[in-house]
Amino acid sequence: MNRSYEVMFITRPDMAEEDLNKLISTLESSVTSAGGTAKSEVWGKRRLAYKVAKFHEGIFVLFIMGGTGSIVHEVERRLRVTEQVIKFITVRTDEELKRLDKIKKIRDARKKTSVATPAAPVTPEAGTEPAPTTA
Amino acid sequence: MAEETKTPSAPAASTGGEGRSEGRSEGRSDARGDRGDRGSRGPRPGGGPGGPREGGRKFFRRKKVCKFCVEKIEAVNYKDVRLLAQFVAESGKITPRRLTGVCTPHQRRLSKAIKQARNIALLPFAGRVQ
């Protein structure tokens with residue numbers, strides 16, 4: 001069962017960049033070795049809406065992955081073990097993406113039909129327009 | 001357009017809607033005090049022109065519209081803090097639909113997204129972001 005998830009986690013604000021990169025690469029490799037796909041986005045330092053582990057700010061990282069539930073389990077375990085990570089949340093995104101795709105398709109189809117009807121009388125004009133430029 | 005988005009607070013406030021927070025406090029005092037006032041609020045057509053209320057004054061009420069339907073925002077995501085913050089009161093509470101005019105399906109997604117954003121410290125559970 002292939003699903004897509006995104007895990008957002010917050011690390012301590014004083015975490016070194018190389019440590020963060022190392023953490024991300026280990027997460028990515030663990031996902032890819034388990035047969036999933038992984039992508040990550042570092043949001044950088046942000047203020048927290050409330051105090052977490054005595055910190056007022058943290059480094060936000062968005063980790064997007066695809067695969068099975070066991071991959072999520074493994075990633076969450078790793079995050080829990082890592083002391084630098086102060087908070088994380090996993091959100092399943094495939095159903096939402098599917099829904100958005102469907103809506104987009106419907107909207108595109110509607111746009112096409114609305115464009116196609118006025119396009120028919122316009123085409124002779126469109127044909128005449130480029131003619132002067134070539135001549 | 002800008003006026004339309006401002007006015008949704010009006011229907012809740014019986015004395016006139018200057019701001020969203022005012023509308024909220026009005027609603028709260030209603031709930032605490034005379035509940036009979038609440039009963040009259042129930043059957044009122046949503047967003048339609050309101051009938052005469054206490055004091056015999058009549059208010060013109062602009063029809064509230066769902067921001068997500070109008071602007072065709074389909075992706076209500078917990079990461080979009082700026083969007084979500086518009087639907088959170090200063091106390092940190094999710095603003096009710098009757099004040100914002102958001103339609104039911106979108107309010108459902110919105111509240112879910114707000115709750116997720118709270119969990120990852122993007123939005124506060126209570127109070128505003130310091």
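Colleague: What makes the distance between the end C-alpha atoms of α2(A) agree with its 13 residues?

Modeller: This is a predicted model, and every value here is computed from it. At 1.5 Å a residue, the 13 residues of α2(A) should span 18 Å. The end C-alpha atoms of α2(A) are 19 Å apart, and therefore the two values agree.

Colleague: Which residues of α2(A) are buried, and why are they said to be on the same side?

Modeller: A:I71, A:V75 and A:L79 are the buried residues of α2(A). They cover an arc of only 70 degrees around the axis, so they are on the same side of α2(A). The face turned away from that buried side carries exposed residues, among them A:H73, A:R77 and A:R80.

Colleague: What do the buried residues of α2(A) pack against?

Modeller: They pack against β1, α1, β3 and β4 of chain A. These belong to a chain with four helices and four strands, whose elements run β-α-β-β-α-β-α-α from the N terminus on. Of the 135 residues of chain A, 19% count as buried.

Colleague: How many of the contacts in chain A with a separation of 6 or more come from residues 24 or more positions apart?

Modeller: Such residues account for 73% of those contacts.

Colleague: Why is B:A121 called buried?

Modeller: The cut-off for a buried residue is 20 or more other C-beta atoms within 10 Å. B:A121 has 26 C-beta neighbours inside 10 Å, so it counts as buried. B:A121 lies in the segment after α7 of chain B, and its phi is positive, near 65 degrees, although the residue is not glycine.

Colleague: Why is B:N77 called partly exposed?

Modeller: Partly exposed residues fall between the two cut-offs, 12 or fewer for exposed and 20 or more for buried. B:N77 has 17 other C-beta atoms within 10 Å, and therefore it is partly exposed. B:N77 is found in the loop between α4 (67-70) and α5 (81-85) of chain B.

Colleague: How far apart are B:N77 and B:A113 in sequence and in space?

Modeller: They are 36 residues apart in sequence and 5.7 Å apart in space, C-alpha to C-alpha.

Colleague: How do you know that the span of α7(B) is close to the expected one?

Modeller: α7(B) has 16 residues, for which 22 Å is expected at 1.5 Å a residue. From its first C-alpha to its last, α7(B) reaches 23 Å, close to that expected value. The buried residues of α7(B) are B:Q107, B:L110, B:A113, B:I114, B:A117 and B:R118. They cover an arc of only 140 degrees around the axis, which means that they are on the same side of α7(B). On the other side, B:T104, B:P105 and B:K112 are exposed.

Colleague: What do the buried residues of α7(B) pack against, and which residues does B:I114 touch?

Modeller: They pack against α5 and α6 (97-100) of chain B. Not counting residues up to four places away in sequence, B:I114 touches B:L84, B:F87, B:V88, B:I94 and B:L123.

Colleague: Which residues touch the most other members of the largest nonpolar core?

Modeller: Of the 35 residues in that core, they are A:F9, A:I10, A:F63, B:A113, B:I114, B:A117 and B:L122. The elements that give two or more residues to this core include β1 (3-11) and α2 (69-81) of chain A, together with α7 (104-119) of chain B.

Colleague: How many residues does each chain bring to the contact?

Modeller: The contact takes 12 residues from chain B and 12 residues from chain A. On the side of chain B that touches chain A, nine are nonpolar, two polar and one charged.

Colleague: Where does pLDDT stay under 50 in chain B?

Modeller: It stays under 50 over residues 1-52 of chain B. Where pLDDT is low, the predicted coordinates should not be read in detail. The mean pLDDT of chain B is 67, and 53% of its residues reach 70 or more. The model scores ipTM 0.72 and pTM 0.64.

Definitions and conventions. Residues are numbered from 1 along each chain as its sequence is written. Chains are lettered from A and ligands numbered from 1 in the order in which they are written. This is a predicted model: local features need pLDDT of at least 70, side-chain atom pairs count only at pLDDT 80 or more; totals for chains, interfaces and linings use all residues. Two residues are in contact if their C-beta atoms, placed from the backbone, lie within 7 Å. Ala, Val, Leu, Ile, Met, Phe, Trp, Tyr, Cys and Pro count as nonpolar, Asp, Glu, Lys and Arg as charged, and the others, Gly among them, as polar. A nonpolar core is a set of buried Ala, Val, Leu, Ile, Met, Phe, Trp, Tyr and Cys residues joined through C-beta atoms within 7 Å. pLDDT is the predictor's confidence in each residue, from 0 to 100. The expected span of a helix is 1.5 Å times one less than its number of residues. The arc is that of the directions from the helix axis to the C-beta atoms.
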